[in-house]
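Q: I have a structure to go through with you. Could we take the metal site, then the overall fold, then the charged pairs?
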Amino acid sequence: MSLESLHTALNAIQVLRSSVGHVFETLANGIRADHGEDGKETKFVLELHELLSKVNGNLREVEQAVNSLTPPPGPFNLGNTSCLSQETTQDRQALYPQLVESYKWTDKVHEYGNLAVALLSQNSLKRSYINTSAKRRRTQTSSHNVPPQAVDSVIATIDRLFNDMHVKVSRPFATNAVLQITLGRILKAVVAFKGLMIEWVLVKGHNEEFSTELGVGGVGGQLDLWSESRYCVFRKVTENANAAMLHFYSPTLPELAVRSFMTWFHSFNTLFSDTCKRCGNHLHSGLPPTWRDFRTLEPFHEDCKP
Ligand SMILES: [Zn+2]
């Protein structure tokens, strides 16, 4: 049943009611002054006759409109909401449209929720335990929720591991650590943690800055985790470092994951002096070997990757 025809039918009923009302109004008023003196009764009866034939016409329209409607298959189940129609207070009668609106809204939320679940369950790079089986949940060690002291000690161990890699820890965002790494005179990086899990890596050149512009008197400069390096080579290293971060990620052995990543990352200290393991050249397409093998740490050009 289309709403259009329902609307037409309701309109026709309204017109009918109005013309019937007009008949009774005229009848109640009786013979008026504008009927004149001569044959005023005849004029009055003629007027009534005209009005009644109009009512007849309107009634036909209503019947036509109603015939084009299809009756609903069964009674609507409105639950408690059907009691709303018995509400006598004027300002509460408006509740029903609002209720319908919120039902529609909830339906939509439900639909979108289902779509989102279907999409997210395909994501293989899952980094949390939310959907794992009960068997694995027993051995769960949360790598997100680690006391800052534990994180600090892991980082201090890593800092001692390499002479030419310097690590500075800060916590600009609540308890989560952000590492500022300087690797020789080659590059700088920021590594953002969530607990003991690496969340974000950004690599820039040795001469580039990680803080936003300083305010008056050199204060107010904030750590900038988002602006990319202006050099193509470090943008490529950033991309590869994020891939490595995901590769080494291990929720059960978070310390090992961080240490493996740092060892891998340290191998970039020879970024500009290494030759590619495959083609033997320093440069390829104007770039040094920006890829390091996860296991052997051997350098490769982007296009020479095994
Ligand atoms: Zn190569």
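Q: What spacing do the donors of the zinc ion follow along the chain?
A: This is a predicted model. In it, the donors of the zinc ion are spaced as C-x2-C-x21-H-x2-C.

Q: Which residues and atoms are the protein donors, then?
A: They are C276 through SG, C279 through SG, H301 through ND1 and C304 through SG. These atoms lie 2.1 to 2.3 Å from the zinc ion.

Q: And why is the arrangement of the four donor atoms tetrahedral?
A: The arrangement counts as tetrahedral because the angles subtended by the four donor atoms around the zinc ion are 96 to 118 degrees, and the criterion requires all angles to lie between 85 and 135 degrees.

Q: Are H301 and C304 buried or exposed?
A: Both H301 and C304 are buried.

Q: Changing topic: how many helices and strands are in the protein chain?
A: The protein chain has seven helices and six strands. Read from the N terminus, the elements run α-α-α-α-α-β-β-β-β-α-α-β-β.

Q: What share of the residues counts as buried?
A: Of the 306 residues in the protein chain, 32% are buried. The chain exposes about 20500 Å², with carbon and sulfur atoms supplying 56% of that area.

Q: What about contacts between residues at least 24 apart?
A: Such pairs make up 47% of the contacts between residues at least 6 apart in sequence.

Q: On to charges. How many salt bridges does the structure hold?
A: It holds 10 salt bridges. One of them joins K188 and E209, whose closest N and O atoms are 4.0 Å apart. That pair links distant parts of the chain, 21 residues apart: K188 is in strand β3 (residues 187-194), while E209 is in the loop between β4 (197-205) and α6 (232-248).

Q: How does the R32 and D34 salt bridge look?
A: The side chains of R32 and D34 meet at 3.1 Å, N to O. R32 is partly exposed, with a relative accessible area of 29%, whereas D34 is exposed at 59%.

Q: Which residues are linked in a network of salt bridges?
A: The network links K236, E239, E302 and K305. Within it, E302 and K305 form a salt bridge with their closest N and O atoms 3.2 Å apart. E302 is partly exposed at 24% relative accessibility, and K305 is partly exposed at 31%.

Methods
Residues are numbered from 1 along each chain as its sequence is written. This is a predicted model: local features need pLDDT of at least 70, side-chain atom pairs count only at pLDDT 80 or more; totals for chains, interfaces and linings use all residues. Side-chain values use heavy atoms; hydrogens and water are left out. Donors are N, O and S atoms within 2.8 Å of the metal (3.2 Å for Na, K and Ca); water is not among the atoms, so sites may look incomplete. Four donors count as tetrahedral if all angles lie between 85 and 135 degrees; four count as square planar and six as octahedral if opposite donors are over 155 degrees apart and all others between 65 and 115; anything else is irregular. Buried means under 20% relative accessible area, exposed over 50%, partly exposed in between (1.4 Å probe, protein chains only). Helices (H or I, at least four residues) and strands (E, at least two) are DSSP runs, numbered from the N terminus. Contact means heavy atoms within 4.5 Å. Accessible areas come from the Shrake-Rupley method with a 1.4 Å probe; for residues, only the protein chains shown count as cover.
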